[in-house]
Amino acid sequence: MLRLEPRPQPSTAWSYASPLLALAITVVIGVVLFSVLGKDPVRGLQVFFWEPIKNGYALSELMVKATPLMIIALGLALCFRSNVWNIGAEGQFVIGAIFAAGVALMVDRSWGWLAVPAVLVAGVFGGMVWAGITALLRDRFNANEILVSLMLVYVAIQVLNYVVFGPWKDPMGFNMPQTPTFDRAARIPRLFEGLRVNIGVLISLAGVALMWLFMFRTYAGYGQQVGGLAPAAARYAGFSSRRALWVALLVSGGAAGLAGALEVAGPIGQLTPHVPVGYGFAAIIVAFVGRLHPVGIVFSAILMSMFYIGGELAQSRLGLPKSINGVFQGLLLFTLLACDTLIQYRVVLGRRRS
Amino acid sequence: MEVFFLNVATSLNAGTVLAIAALGLLLNEKAGIVNLGAEGMMLCAALAGFATVVHTGSGLAGLAAGMVAGAVLAGIFGLLVIWLNTNQYATGLALSLFGVGFSAFAGVSYTRENLSSKMVSTPSIWADVPVIGPGLARLDGMVWVGLAIMAGMIWFFYRTRAGLVLRSVGENPDSAHALGYPVRRIRWLAVVAGGSLCGLAGAYLSTVYTPLWTEGMTAGRGWIALALTTFATWRPARVLLGAYLFGAVTMMQFYLQGRGVQVSAELLSSLPYLATVIVLVLISRNPVWIRTNMPASIGKPFYPGS
């Protein structure tokens, strides 16, 4: 009989291998799923793992989707390491997008180079405000941050609907629920002519470096994580758990808001009800699959972006609903959590010796 | 007056969806397990129930299918968190994300189906009673099922030996283990039973309450149900009352819109979510009260023999 035996020390090898094993299992399940649905599994794998990287245009699209995932997941990684469960990044993303749009709608040519930084700062601020509500209610009233942050996602989407159906609706937009497109000066500069990928990629990579420095090379970042690993030790060492809560939520909210600003002033170019596409939730998976490590998140964000693009291609090429992407995302997190057992335990054949 | 009782009836119907799910989650939490996957289980169960009714025409089979779907998903969740000691929050989230994605994927072909032609509605015997008659006729049968589940749960928790063992597992798994109770098996059974109740709530939503299937149709009800167990300080009767209160809040938007009150539609749609936040704030501000009522081992993994 198989049983689990605790390892004397957590296995470093398995902490790297576990996401790969989880991905392998997810792919196997995907192949089975394609076969059951009567689709060619080779074609299915091609759509998910080859088409998104086959040429420059595809790679640009891959990075367009990986950028928001990466930025949001960086903030969430800090949150989860601090044992703060912010699962409302989607709402912070939306409010960040709304704040950014508010500034972008005021921008005209006279703003010059200041326009883009102003839009981004507004997005960060919006995300911080929205996450700050959760932090305040947790800190002041002990309200569970999981439920509060999630409820605020639904409220944020209603706020978005209010502004695009109401005060900010484009008067020249044939009554469509959307704002006018932003002035060129407010649009995020692109990296290459003809490709949608923009400087958001550089910002996200800078974010990776900053988060790595904060987590592993600063005293504040260390104190932040001790609270997550050993609350009692953190109290004894004098690390404030209230501070950790506020830092975690404001950083992750600000990151999600930044992603919202980059999205709305980048690929989309106007505020519409279709701004939220689940990046805030997918980023939770990105953070875990990337081992809550900034460098790991780069890879997992690209992987998750492949799922997004693969889902869209599966719809147009294979006639499958694009929500198949959500199935794979959920499966990946599920299998990852199961595989992570191998970090703490080893599988042993035979009965327990006693 | 008749209108008032009609509103009460629709509020009770809306509240029953939340009540049944929240009672299921209460059963989990009494055994020490938090299942954040409620939303995912309810969605998959809603689809399973709906699809079953479309193919068989039987409402009861639909509800049963929903319960099975909820139980299966909860069973997998239970295996992970109870035997593999995965983090309960992360695993529950995974279940919710998977459930949202899977139900959207598998349910695409059902979005245009309509159940009203397949279900036979029998005229209620109450319809002719004056004043309260129309209200009673509007009540779904599931309201009584919800009441029965609550009564059964009170009896089980506080009047049976098995209920006492379940609560002791939730309060102090190490002591329960030392006394020889199979802590993991008990927790797993509680998780599966709780999941089947979440499934029942989801199937009720899609086959009776709306009755149609749309992507993400639970609209956060699973999460509100999770908040309800805290709101009720883990007491079955208060769970039911809290759920009815939320049912009334949900119906208020339609009521106010019908009255032509000048409030933005978006604010009205936000009401259930804002109410959840407000209620959580009000109930959680006294940490002592929460701590004394909360099952002590909630959210913590149990390692036998450590």
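Below are legends for a few close-ups of a predicted two-chain model.

Residues count from 1 along each chain as its sequence is written, and chains are lettered from A in the order written. Since we're looking at a prediction, local features need pLDDT of at least 70 and side-chain atom pairs count only at pLDDT 80 or more, while totals for chains, interfaces and linings use all residues.

**View 1. Where chain A meets chain B.** Here 35 residues of chain A are in contact (C-beta atoms, placed from the backbone, within 7 Å) with 35 residues of chain B. On the chain A side, α5 (115-141), α6 (145-165), α11 (279-289) and α13 (324-339) each bring at least two residues; helices are DSSP runs of H or I, at least four residues, numbered from the N terminus. The model scores ipTM 0.89 and pTM 0.91.

**View 2. Around A:Ala73 in the largest nonpolar core.** This core has 212 residues, and A:Ile72, A:Ala73 and B:Ala21 have the most contacts inside it. Such a core is a set of buried Ala, Val, Leu, Ile, Met, Phe, Trp, Tyr and Cys residues joined through C-beta atoms within 7 Å, where buried takes 20 or more other C-beta atoms within 10 Å of a residue's own. Beyond four places in sequence, A:Ala73 touches A:Ala283, A:Val286, A:Ala287, A:Gly290, A:Ile297 and A:Ala301.

**View 3. Helix α11 of chain B and its kink.** A kink of about 30° is centred on B:Met251; the bend is the angle between axes fitted to the seven residues ending there and the seven starting there. B:Met251 is also among the buried residues of α11(B), which pack against α1 (2-30), α6 (141-159), α10 (221-231) and α12 (265-284) of chain B. Just past the helix, B:Gly260 has a positive phi of about 70°.

Note on methods
A residue is buried if 20 or more other C-beta atoms lie within 10 Å of its own, exposed if 12 or fewer, and partly exposed in between; C-beta atoms are placed from the backbone.
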